[in-house]
Amino acid sequence: MLNDLDLLVALCSEQDDNLLYAEFVNRFHEELQEECVQICKKRKLDNHVGMQIAHDVFEKLRRYKSFKKDEVK
């Protein structure tokens, strides 16, 4: 089992990433969605907006293939 950072690195460097993507979503979806919904509530936006933002984050992450582990602070 990969730690969070290694999973992110693997996801961003593999072309065939279906299993890695599924693992990443399973690990972080609930927490990210809760955070997005809370921010939308504070800004008086519908919960659906927060859920869509969370979904978009994962989709953008999946397309971003130039992540470099050594650039993480």
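**Aromatic pairs and the nonpolar core of a predicted model**

Me: Leaving aside its neighbours within four places in sequence, which residues is L61 in contact with?
Reply: L61 is itself one of the residues of the largest nonpolar core. Once its neighbours within four places in sequence are left aside, the residues in contact with L61 are L8, L11, C12 and F24.

Me: How many aromatic pairs are there, and is the pair of F24 and F28 stacked, edge-to-face or tilted?
Reply: The count comes to 2 aromatic pairs. In the pair of F24 and F28 the ring centres are 4.8 Å apart and the planes stand at 45 degrees, so this pair is tilted. The two residues lie 4 residues apart in helix α2 (residues 18-42), which separates them by about one helical turn.

Me: Are F24 and F28 buried or partly exposed?
Reply: The relative accessible area of F24 is 9%, and because buried means under 20%, F24 counts as buried. The relative accessibility of F28 is 22%, and F28 therefore counts as partly exposed.

Me: What is the geometry of the aromatic pair that F24 forms with F58, and how many residues apart are they?
Reply: F24 and F58 form an edge-to-face pair, with 6.1 Å from centre to centre and 80 degrees between the planes. This pair links distant parts of the chain, since F24 belongs to helix α2 and F58 to helix α3 (residues 47-63). F58 has a relative accessibility of 4% and counts as buried. The geometry is edge-to-face, and the two residues are 34 residues apart.

Me: Which residues form the aromatic cluster?
Reply: F24 pairs with F28 in a tilted arrangement, and F24 also pairs with F58 in an edge-to-face one. One aromatic cluster is formed by F24, F28 and F58.

Me: Which residue has its charged end over the ring of Y21?
Reply: Y21 is among the buried residues of α2 and is one of the residues of the largest nonpolar core. At 4.1 Å from the centre of the Y21 ring sits the charged end of R62.

Me: How far apart are the end C-alpha atoms of α2, and where is its kink centred?
Reply: At 1.5 Å a residue, the 25 residues of α2 should span 36 Å, and the end C-alpha atoms are 34 Å apart, which agrees. There is also a kink of about 50 degrees in α2, and this kink is centred on F28.

Me: Where is C40 found, is C40 buried or exposed, and which residues is C40 in contact with?
Reply: C40 is found in helix α2 and is buried, with a relative accessible area of 3%. The C-alpha atoms of C40 and Y21 are separated by 25 Å, although the two residues are 19 residues apart along the chain. Leaving aside its neighbours within four places in sequence, C40 is in contact with L45, D46, V49, G50 and I53.

Definitions and conventions:
Residues are numbered from 1 along each chain as its sequence is written. This is a predicted model: local features need pLDDT of at least 70, side-chain atom pairs count only at pLDDT 80 or more; totals for chains, interfaces and linings use all residues. Side-chain values use heavy atoms; hydrogens and water are left out. Rings of Phe, Tyr and Trp (its six-membered ring) pair if their centres lie within 6.5 Å; planes under 30 degrees apart count as stacked, over 60 as edge-to-face and the rest as tilted. Buried means under 20% relative accessible area, exposed over 50%, partly exposed in between (1.4 Å probe, protein chains only). A charge sits over a ring if NZ of Lys or CZ of Arg is within 6 Å of the ring centre and within 35 degrees of the ring normal. The expected span of a helix is 1.5 Å times one less than its number of residues. The bend at a residue is the angle between axes fitted to the seven residues ending there and the seven starting there. A nonpolar core is a set of buried Ala, Val, Leu, Ile, Met, Phe, Trp, Tyr and Cys residues joined through side-chain atoms within 4.5 Å. Contact means heavy atoms within 4.5 Å.
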